[in-house]
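Please look through the structure below, beginning with the chain as a whole and then turning to the charged side chains that pair within it.

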Amino acid sequence: MKLPLFQVDAFTDTVFGGNPAAVCPLEAWLPDGVMQAIAAENNLSETAFIVPRGDDYDLRWFTPAVEVPLCGHATLASAFVVCRHLHPGHGAVTFHTQSGPLRVRAGDGGFTMTLPRWSPEPVATPALAKALGAPPEAVLATARDYVVVFPSEAALLGLVPDFPGLAALDRDGILVTAPGDRHDFVLRYFAPKVGVNEDPVTGSAQCSAAPYWARRLGKDTLVSRQISARGGLLRSRVLDDAVAVTGACALYLEGTISVPD
C-alpha cells in the first residue's frame, strides 16, 4: 500500500531549522500498530496522521514510541499540508483531536493555532535538580509537564540532563525556561518518557510557558525562542482560556511510503 507523506519543518521559515514533523494524509485510519510503526520508522519527534471529517480533519500524533494527546508543531505542519498542498488557497482548518478541536488559520506570519491554556502551580520536586544537573529557581507543574524556571539563558544552555532520571519522573515532559537575552523568554523541552529526549521546538509547551511569562512580565503577547540545537521562534498571545501560537513552516520532503496491506 502506497501512502503520501510530507515532512515539514515547523517554527522556521527555512529548512534545516525548527522541528521536523511527518504528516501522513489518510482516507481512513490505519490500525494503531501500523501508525506507530510508521512513526518509529520516520524517527521524528512526531508523525501526524490526518483523516477528512467533512470540511475538517481528524488528527492524531505519534512519537517513535507512543501516541500523545497533544502536539503543537505537528499541528502547525498538518495545517501547512492542508492549506498549501491538499487544498491550496484554504485560509484555515479545524482539527478534531484528543485535546478537543484545534483551529489553525493562515496569515502573513505563518500559521496561528489556538491551543489550550494551562496554569502551572508551584510544587516541590528535589529529584528534578539532580536529573537536570543544576538547581532551579522554581518548579511548577501541570497535569502533563513540569515547568522548571532558571535565572538565565546561559543556565538553560548549560544543562546536561540525566534522561533516564527524567524518564522516571511522574510527568511526560520537563519544560525548562528562563528570561531570554533577546526574547521575552527561552525554553528547552525534554520528554524521554514518551521517546523524545529533547524536542527541537515544542508548540504545546506554550500552553503553560506563555501564561507563566505573561503573568511574570505583565504582557499578553510574547516572543520566545526554543534554544535546542535546531532552534525555533514562537510568537504567543495569551487569551482568557487559550493560547494562540504562531509560527512559520517550510516543506522539506514530499513523497510516498510503502506499508504492508
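In this predicted model, buried residues make up 55% of the 261 residues in the protein. The chain folds into six helices and 18 strands, and its radius of gyration is 18 Å, close to the 18 Å that the globule rule gives for 261 residues, so the protein is as compact as a globular protein of that length. Along the principal axes, the C-alpha trace spans about 50 × 35 × 30 Å. Of the contacts between residues at least 6 apart in sequence, 62% join residues at least 24 apart.

Side chains of opposite charge can pair when their charged atoms come close, and the structure holds eight salt bridges. One of them is formed by Arg 60 and Asp 32, whose closest N and O atoms are 3.0 Å apart; this pair links distant parts of the chain, with Arg 60 in strand β4 and Asp 32 in helix α1, 28 residues apart. Arg 60 counts as buried at 17% relative accessibility, whereas Asp 32 is partly exposed, at 44%. Salt bridges that share partners also bring Glu 67 into one network with Asp 32 and Arg 60.

A further salt bridge joins Lys 219 to Asp 184, with 2.9 Å between the closest N and O atoms. Lys 219 lies in the loop between α6 and β15 and Asp 184 in the loop between β12 and β13, so the pair ties together parts that are 35 residues apart in sequence.

Arg 188 and Glu 198 also meet in a salt bridge, at 2.9 Å from N to O, and because Arg 188 lies in strand β13 and Glu 198 in strand β14, this pair ties together parts ten residues apart in sequence. Here Arg 188 is buried, with a relative accessible area of 9%, while Glu 198 is partly exposed, at 24%.

Terms used. Residues are numbered from 1 along each chain as its sequence is written. This is a predicted model: local features need pLDDT of at least 70, side-chain atom pairs count only at pLDDT 80 or more; totals for chains, interfaces and linings use all residues. Side-chain values use heavy atoms; hydrogens and water are left out. Helices (H or I, at least four residues) and strands (E, at least two) are DSSP runs, numbered from the N terminus. The radius of gyration is taken over C-alpha atoms; the globule rule is 2.2 Å times the number of residues to the power 0.38. Buried means under 20% relative accessible area, exposed over 50%, partly exposed in between (1.4 Å probe, protein chains only). Contact means heavy atoms within 4.5 Å. A salt bridge is a side-chain nitrogen of Lys or Arg within 4 Å of a carboxyl oxygen of Asp or Glu.
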